[in-house]
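Visitor: I'd like to go through the charged pairs in this one. Can you put it up?
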Amino acid sequence: MRKVIIAVMLLIGLAGCTGEPTYGDPGIDPVSPIWVLLKQDVTSVDKQNIEQRLQATPGVASVSSWPPDLQTLPAGAPQTYKVLTKDFDVYDQLKAGTFKADMKQLPGVEEVVFSCKLEESGCGQAK
């Protein structure tokens, strides 16, 4: 299980570092996503509480399931929420604050991953 989570985290990290901006709804600046990975035994009540908490977070522009069609989720891969903030200032505040620790305390949350921002050193560049 741990290997699957690590592999998904690596893929998610790479998805945020493609060199291409990630867009939320029209009118929202390009932002890097925050990924909230759910535990395998997450309940529908837990998912509802997690999604409500994410949507209530100040500065969050959108929250969506990833992949959008759970039928395409590889076996053993965790369900995930993709969170886009309104701008990089909000992203930075969430990353620097207690957002990750607070979310990980919720039942059903396995991990929170901040993708790199496009202006971060090395992001989107071939190594």
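Guide: A term to start with: buried means under 20% relative accessible area, exposed over 50%, and partly exposed in between (1.4 Å probe, protein chains only). This is a predicted model, where local features need pLDDT of at least 70, side-chain atom pairs count only at pLDDT 80 or more, and totals for chains, interfaces and linings use all residues. Residues are numbered from 1 along each chain as its sequence is written, and side-chain values use heavy atoms, with hydrogens and water left out.

Visitor: Lysine 104, then: what is its relative accessible area?
Guide: Lysine 104 has 37%, so it is partly exposed.

Visitor: How many salt bridges does the structure hold?
Guide: Two. A salt bridge here is a side-chain nitrogen of Lys or Arg within 4 Å of a carboxyl oxygen of Asp or Glu.

Visitor: What does lysine 100 form a salt bridge with?
Guide: With glutamate 111; the closest N and O atoms are 3.4 Å apart. This pair links distant parts of the chain, eleven residues apart: lysine 100 sits in helix 4 (residues 99-104) and glutamate 111 in strand 4 (residues 109-114). Helices (H or I, at least four residues) and strands (E, at least two) are DSSP runs, numbered from the N terminus.

Visitor: And which side chain meets lysine 104 in a salt bridge?
Guide: That of glutamate 111, at 3.5 Å, N to O. Shared partners join Lys100, Lys104 and Glu111 into one network of salt bridges.

Visitor: Switching to accessibility. Is glutamate 111 buried or exposed?
Guide: Buried, because its relative accessible area is 14%. Lysine 100 is at 35%, so it counts as partly exposed.
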